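Subject: Handover of a structure and notes on its contents

Dear colleague,

Please find the structure below, followed by an account of what was found in it. I would be grateful if you would read the two side by side.

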Amino acid sequence: MTGRLNSAQPYAIGLFRIVVGLLFACHGAASLFGVLGGASGTGGTIDAGTWPGWYAAVIQLVGGSLVLLGLGTRAAAFIASGSMAYAYFKVHQPEALWPMENGGEASAMFCWAMLLFVFTGSGAFGLDRLFAGRGVSEDDKAAERTPVAA
């Protein structure tokens with residue numbers, strides 16, 4: 001059973017990446033364009049250039065879209081993870097220690113999910129794999145498919 005699960009790992013990571021990227025991009029679109037309930041569920045938008053909300057929304061929209069597509073996944077996820085760490089520690093954590101108390105669950109979860117993509121890459125279904133396939137040796141492809149076991 002472990003062998004089957006290990007062979008499905010790139011596909012599970014790819015599907016997880018697509019869902020997380022879509023949800024992250026939706027947060028940015030809501031804040032920038034007022035769709036999906038808008039900024040903070042008010043139906044409004046964040047004023048252009050305001051710190052840190054507008055910049056966070058741009059990172060969410062662009063970073064989430066790149067992660068969704070699996071294009072530049074590691075770099076986009078690194079920046080997105082950092083922005084969510086900033087959001088948690090500067091916006092939520094001063095209110096209370098635990099995410100359940102300070103409303104920072106989404107920031108914490110996005111931070112750790114994006115950090116996971118920094119280490120795993122895009123998984124299956126990503127454009128990274130399509131472009132990386134050009135000029136990669138068979139040894140490199142085999143090493144990429146080999147799951148890391150703890």
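By class, 16 nonpolar, 12 polar and 1 charged residues make up the lining of the largest pocket. Here Ala, Val, Leu, Ile, Met, Phe, Trp, Tyr, Cys and Pro count as nonpolar, Asp, Glu, Lys and Arg as charged, and the others, Gly among them, as polar. A pocket is defined on a 1 Å grid over the protein atoms alone, as an open set of points where a 1.4 Å probe fits, with protein on both sides within 12 Å along at least five of seven lines; lining residues have an atom within 4 Å of a point.

Please note that this is a predicted model, in which local features need pLDDT of at least 70 and side-chain atom pairs count only at pLDDT 80 or more, while totals for chains, interfaces and linings use all residues. Residues are numbered from 1 along each chain as its sequence is written, and side-chain values use heavy atoms, with hydrogens and water left out.

The largest pocket

The largest pocket holds about 600 Å³ of space, the volume being that filled by probe spheres set on the grid points, which are joined across faces, edges and corners. Of its 29 lining residues, Gly 53, Ala 56, Gln 60, Met 84 and Ala 87 are the closest to the centre. Two or more lining residues come from each of helix H2 (9-33), helix H3 (53-69), helix H4 (73-92) and helix H6 (105-120). The most is given by H4, with 7 residues.

The chain as a whole

The chain has 8 helices and 0 strands, where helices (H or I, at least four residues) and strands (E, at least two) are DSSP runs numbered from the N terminus. Along the sequence the pattern is accordingly written α-α-α-α-α-α-α-α. Of the 150 residues, 31% count as buried; buried means under 20% relative accessible area, exposed over 50%, and partly exposed in between, with a 1.4 Å probe and protein chains only. Among contacts (heavy atoms within 4.5 Å) between residues at least 6 apart in sequence, 66% join residues at least 24 apart.

Two serines in the helices

Ser 107 belongs to helix H6 and has a relative accessible area of 9%, so Ser 107 is buried. Its side chain makes a polar contact with the side chain of His 92, at 3.4 Å. A polar contact is a pair of N or O atoms within 3.5 Å; within protein, one must be able to donate a hydrogen and the other to accept it, and residues adjacent in sequence count only if both atoms are side-chain atoms. With neighbours within four places in sequence left aside, Ser 107 is in contact with Met 84, Ala 87, Tyr 88 and His 92.

Ser 81, in helix H4, counts as buried because its relative accessibility is 6%. Not counting residues up to four places away in sequence, Ser 81 touches Cys 111, Met 114 and Leu 115.

Aromatic residues

There are 7 aromatic pairs in the structure. Rings of Phe, Tyr and Trp (its six-membered ring) pair if their centres lie within 6.5 Å; planes under 30 degrees apart count as stacked, over 60 as edge-to-face and the rest as tilted. Trp 51 and Tyr 55 form a tilted pair, because their ring planes stand at 55°, with the centres 5.6 Å apart. Ring pairs also link Trp 51, Trp 54, Tyr 55 and Tyr 86 into a cluster.

Trp 51 is exposed, at 62% relative accessible area, whereas Tyr 55 is partly exposed at 38%. Tyr 55 is part of helix H3 and, apart from neighbours within four places in sequence, is in contact with Gly 49 and Thr 50. Between Tyr 55 and Leu 32 there are 23 residues of sequence separation and a C-alpha to C-alpha distance of 9.8 Å.

Backbone features

Trp 51 is joined to Pro 52 by a cis peptide bond, with omega about -10°. Pro 52 lies in the loop between H2 and H3.

Leu 36 is also placed in the loop between H2 and H3. Its phi is near 55°, a positive value in a residue other than glycine, and Leu 36 is exposed at 66% relative accessible area. A positive phi, near 70°, is likewise found in Phe 125, in the loop between H6 and helix H7 (127-132). Phe 125 is exposed, with a relative accessible area of 51%.

With kind regards
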